[in-house]
Amino acid sequence: QAHLVESGGGLVQAGGSLRLSCTATRLIFSVFSPDLWGWYRQTPGKERELVASIGTTTATNYADSVKGRFTISRNNSRKTVYLQMSDLKPEDTATYYCNALTAAKQPKYTWGQGTQVTVSS
């Protein structure tokens, strides 16, 4: 398995910024690089939702709720995916996770522990 390790979360005021990182510590470069990767978030009682994804050619997609505020990027040599979050809103409060996506756009690996983002108003 990939052993996904997310970090960078915290408590921030509305309008602030955070940068999340996710490293696939047990993947080798040749396995990490071809994958489509995404950031998800989940709040208690709700399903995990995909908020951003990035392909091998760095093509990106975003959920409407974060478009224009979040930027996903990747560093294949470090086997790491990033999520730069700006203009944060209280509704962005959630636990954030990363994962690769299968061809059917399903999560590919066992989930990591996630990183908590809390935005105060």
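This is a predicted model: local features need pLDDT of at least 70, side-chain atom pairs count only at pLDDT 80 or more; totals for chains, interfaces and linings use all residues.
## Overall build

The protein contains 1 helix and 10 strands, and along the sequence these elements follow the pattern β-β-β-α-β-β-β-β-β-β-β. The radius of gyration of the protein is 13 Å, close to the 14 Å that the globule rule gives for 121 residues, so the protein is as compact as a globular protein of that length. Along its principal axes, the C-alpha trace spans about 45 × 25 × 25 Å.

Of the 121 residues in the protein, 42% are buried. When contacts between residues at least 6 apart in sequence are considered, 54% of them join residues at least 24 apart.

## Surface and charge

The protein exposes about 6200 Å², and carbon and sulfur atoms supply 49% of this area. There are 13 positive and 8 negative side chains, and the centres of these two sets lie 8 Å apart.

## Two buried residues in strands

Asn99 belongs to strand S9, which covers residues 94-101. Asn99 has a relative accessible area of 0%, and because buried means under 20%, this residue counts as buried. The side chain of Asn99 reaches the backbone oxygen of Tyr109 at a distance of 2.8 Å.

If residues up to four places away in sequence are left out, Phe70 touches Arg41, Tyr62, Leu83, Gln84, Met85, Ser86, Leu88, Asp92 and Tyr96. Phe70 and Arg19 are 51 residues apart in sequence, while their C-alpha atoms are 9.4 Å apart in space.

Arg26 sits in the loop between strand S3 (18-24) and helix H1 (29-32). The relative accessibility of Arg26 is 61%, and because exposed means over 50%, this residue counts as exposed. Apart from its neighbours within four places in sequence, Arg26 is in contact with Gln1, Ala2 and His3. For one of these residues, Ala2, the separation from Arg26 is 24 residues along the chain, whereas the C-alpha atoms of the pair are separated by 4.9 Å.

His3, which is among the contacts of Arg26, is found in the segment before strand S1 (4-7). At 39% relative accessibility, His3 counts as partly exposed, because that term is used for values between the buried limit of 20% and the exposed limit of 50%.

## Positive phi angles

His3 has a positive phi of about 50°, although it is not a glycine. Asp87 likewise has a positive phi of about 50° without being a glycine. Asp87 lies in the loop between strand S8 (80-85) and S9, and at 42% relative accessibility Asp87 counts as partly exposed.

Key: Residues are numbered from 1 along each chain as its sequence is written. Side-chain values use heavy atoms; hydrogens and water are left out. Helices (H or I, at least four residues) and strands (E, at least two) are DSSP runs, numbered from the N terminus. Buried means under 20% relative accessible area, exposed over 50%, partly exposed in between (1.4 Å probe, protein chains only). A polar contact is a pair of N or O atoms within 3.5 Å; within protein, one must be able to donate a hydrogen and the other to accept it, and residues adjacent in sequence count only if both atoms are side-chain atoms. The radius of gyration is taken over C-alpha atoms; the globule rule is 2.2 Å times the number of residues to the power 0.38. Contact means heavy atoms within 4.5 Å. Accessible areas come from the Shrake-Rupley method with a 1.4 Å probe; for residues, only the protein chains shown count as cover. Lys and Arg count as positive and Asp and Glu as negative; His and the chain ends are not counted. The place of a charge is taken as NZ of Lys, CZ of Arg, CG of Asp or CD of Glu.
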